[in-house]
Amino acid sequence: MASGDHYFSPAPESEVNLRPFTVRLAGQTYELVTANGIFSPERVDTGTRVLLDHVPSAPPGGQLLDLGCGWGPLALTLALESPHATVWAVDVNNRALDVVRRNAQKLGLTNVNPVTPENVPADVRFTTIWSNPPIRVGKNELHNLLERWLPRLEPGSDAWLVVQRNLGSDSLHRWMDTTFPDLTTTRAATSKGYRVLRARAHP
């Protein structure tokens, strides 16, 4: 990754370099493409894999959100598991969104919307949110991100977040408890140095 490039940059400066890679999603192995200048470009990173290992099956319908989608392992899994749902793959990195778009086409998925945050209609409410949130953007940015999206859960629905334990998962849990009185946040799992947090919107 070139200097000045971060996976949370809207437009990475390095020249795009698309390349094939093999990945296992939703119990199947697929040939997809990846690119430089995005998060964990060569594989499903450990945090995302921990999340996928501990979330229940995706809801069969409704509006599903992958927040901070990267190249799309969560969004593509949601779309593969729930072909009748609409999956929003949200990221600020336009290169990542392009890779998600390409991979959805390779998989024949027509139910994935790779978009920047401002392109999600304000009235959309989500049946689930899956996220490996970008902790390294800093606490204030992370809090702003969650304050924007978690209140958009439908009543009785769940958000699932994976956070590295030594990057503040427990303090984030406490912050969520005080910030979102309409959500009940619990620790759903601990694995490989990560915690999976479940935030359930009150019915």
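**View 1. Confidence along the chain and at its start.** pLDDT is the predictor's confidence in each residue, from 0 to 100. This is a predicted model. The protein chain averages a pLDDT of 91, and 93% of the residues score at least 70. Over residues 1–7, pLDDT stays under 50. For that stretch the model has 21 contacts beyond four places in sequence. Where pLDDT is low, the predicted coordinates should not be read in detail.

**View 2. The F21–W71 aromatic pair.** Three aromatic pairs turn up in a search of the whole structure. One of them joins F21 and W71 edge-to-face. Their ring centres are 5.0 Å apart, with 90 degrees between the planes. The pair links distant parts of the chain, 50 residues apart. F21 sits in strand 1 (residues 18–25). W71 lies in the loop between strand 3 (63–67) and helix 2 (73–81). Both F21 and W71 are buried.

**View 3. The W175–F180 aromatic pair.** W175 and F180 also pair edge-to-face. Here the values are 5.5 Å centre to centre and 85 degrees between the planes. W175 is buried, and so is F180.

**View 4. Helix 3 and its surroundings.** Helix 3 spans residues 94–106, 13 residues in total. From first C-alpha to last it reaches 18 Å, close to the 18 Å expected at 1.5 Å a residue. Its buried residues are R95, A96, L97, V99, V100, N103 and A104. Among the elements covering them are strand 1, strand 2 (28–35), helix 2, strand 4 (86–90) and strand 5 (112–115).

**View 5. The two ends of helix 3.** At the start, a side-chain oxygen of N93 comes to within 2.9 Å of the backbone nitrogen of R95. G108 follows the helix, with a positive phi near 70 degrees.

Methods
Residues are numbered from 1 along each chain as its sequence is written. This is a predicted model: local features need pLDDT of at least 70, side-chain atom pairs count only at pLDDT 80 or more; totals for chains, interfaces and linings use all residues. Side-chain values use heavy atoms; hydrogens and water are left out. Rings of Phe, Tyr and Trp (its six-membered ring) pair if their centres lie within 6.5 Å; planes under 30 degrees apart count as stacked, over 60 as edge-to-face and the rest as tilted. Helices (H or I, at least four residues) and strands (E, at least two) are DSSP runs, numbered from the N terminus. Buried means under 20% relative accessible area, exposed over 50%, partly exposed in between (1.4 Å probe, protein chains only). Contact means heavy atoms within 4.5 Å. The expected span of a helix is 1.5 Å times one less than its number of residues. A polar contact is a pair of N or O atoms within 3.5 Å; within protein, one must be able to donate a hydrogen and the other to accept it, and residues adjacent in sequence count only if both atoms are side-chain atoms.
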